[in-house]
Amino acid sequence: MDLYKLKSHELKSLLEKGELKSEEIVSSFLQRIEDVDPKVSAFLYVDKEESLKNAKKADENRENGGLLSGIPVGIKDNISVKGMQNTCGSKFMEGYIAPYDATVVTKLKEEGAIILGKLNMDEFAMGSSTEYSAYFPTKNPHDLDRVPGGSSGGSAAAVAAMEVPLSLGTDTGGSVRQPASFCGIAGLKPTYGNISRYGVTAFGSTLDQVGTFARDVKDLALLTTSISGYDRMDFTTNQRDKVDLYTGLNRDIRGKKIAIAKDFLGEGLSDGARKNLMDMIEVIKDNGASVDFIDLKLTDYSLAAYYIISSAEASSNLARFDGIRYGKRAEKAKDVIDLYNKSRSEGFGAEVKRRIMLGTYVLSAGYYDAYYSKALKVRKLIQDEYKEIFRNYDAIISPTTPTPAFKLGDNTEDILAMYLNDIYTVPVNIAGIPAVSIPSGKLNGLPLGLQIMGNYFDEQGILNIAHAVEQSLNLDMTPGL
């Protein structure tokens, strides 16, 4: 039996029955990485020796195991794992080894998970295709000539290619849901503050969230439950009781009221994706829920507000990467100002520089009120609009992306086309609500995704809807690697 083909809840069941050992599981996935990652390029670093050692420990301490005891997990390379690299996909951070674990990694280890290694990403999480990694682009397992999405493209591709059953990414404007859609897997962005950001390299601090990837909704619920909860090291985490999404998962959505925004069906949405969404409406109705068309009047402002706010926060957060404290240091600098200039010019890629410059501009004297302050006011209006909708509806659905995965190189010169890829995912981050993307079918052999958005703290509700749709569709999204 090829163990790498099994989902984590299936592996968990076999481990708990004593029919399988963690060492066998980890060995199977390590072999799978060796076989297919040269084609996919999802991993930046694989810790073979340590993961096998930890698998043996998990087998020896089976009676003390947690939710993920003995299950392999991959980590995006902007989330600190003690003793492993944390490059953020940037040459600036090449050679940097994390001295501590991020809170989500601590929680994974407490639950017995085995960290296999670090996954590729767009530099400092800025991008939608993983082509902006400073090391190499990751490929889509369903078509190696196409992108896996971004910025968490390595995390999505690794799960889709069955190199690891579960992975963590980060989502600032869609960086979990968009690659999940492109790669034909499930991806969840939680309510802002439900998962700690301590130990995660910041991009846009009021937008960033750690998100989860898996091949089905049950696995997604298992992984998300394992890492959620209040963290005293992150004052933005919510002081609420932790919810067990895994045991609470069910597919009974009879009587649920679902909304679909007419604004998400306009220009830019491919005909095939539009038809697929109409098919999903029928699937939801067949499961006993109702679907109404509504207006989201402020949707068109989300993307502009997002790029102003996220770039401003990126400009601030990345100021500490100066070539002095850590990271790349330029040689032969004449003075300290020259050292700053050369280190940042040589260390950062084009997309990161673009966003730093935009962010610095909107924060500068004379432009702060015209751009940044106004964007924050727009965000408040968008949040209020979503709150009003959720007074009457249990969820909102949309396509995850306007089109399936595009070809490598197609949008690297057309920056606006790249940015518009996040048009359906960005409003979720602006509002701070949870959203999940699940496979909804294929168009010309490429995966499409359905996005399900929920009210604040209602991860259980959207996962239940996703589970109902997933079970009804029963799709086979295995790539032909």
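Mentor: We can go through the fold, the surface and the cysteines.

Mentor: This is a predicted model: local features need pLDDT of at least 70, side-chain atom pairs count only at pLDDT 80 or more, and totals for chains, interfaces and linings use all residues. Residues are numbered from 1 along each chain as its sequence is written, and side-chain values use heavy atoms, with hydrogens and water left out.

Trainee: How many helices and strands in the protein chain?

Mentor: The protein chain has 15 helices and 11 strands, taken as DSSP runs (helices H or I, at least four residues; strands E, at least two).

Trainee: And what is its radius of gyration?

Mentor: The protein chain has 21 Å, taken over C-alpha atoms. That agrees with a compact globule, because 481 residues would give a value near 23 Å by the rule of 2.2 Å times the number of residues to the power 0.38.

Trainee: What share of the residues is buried?

Mentor: Of the 481 residues, 61% count as buried, meaning under 20% relative accessible area with a 1.4 Å probe, protein chains only.

Trainee: Is Cys88 buried or exposed? And Cys183, buried or exposed?

Mentor: Cys88 has 0% relative accessibility, so it counts as buried. Cys183 is buried as well, with a relative accessible area of 1%.

Trainee: What box do the C-alpha atoms fill?

Mentor: Roughly 65 × 55 × 45 Å, taken along the principal axes.

Note on methods: Buried means under 20% relative accessible area, exposed over 50%, partly exposed in between (1.4 Å probe, protein chains only).
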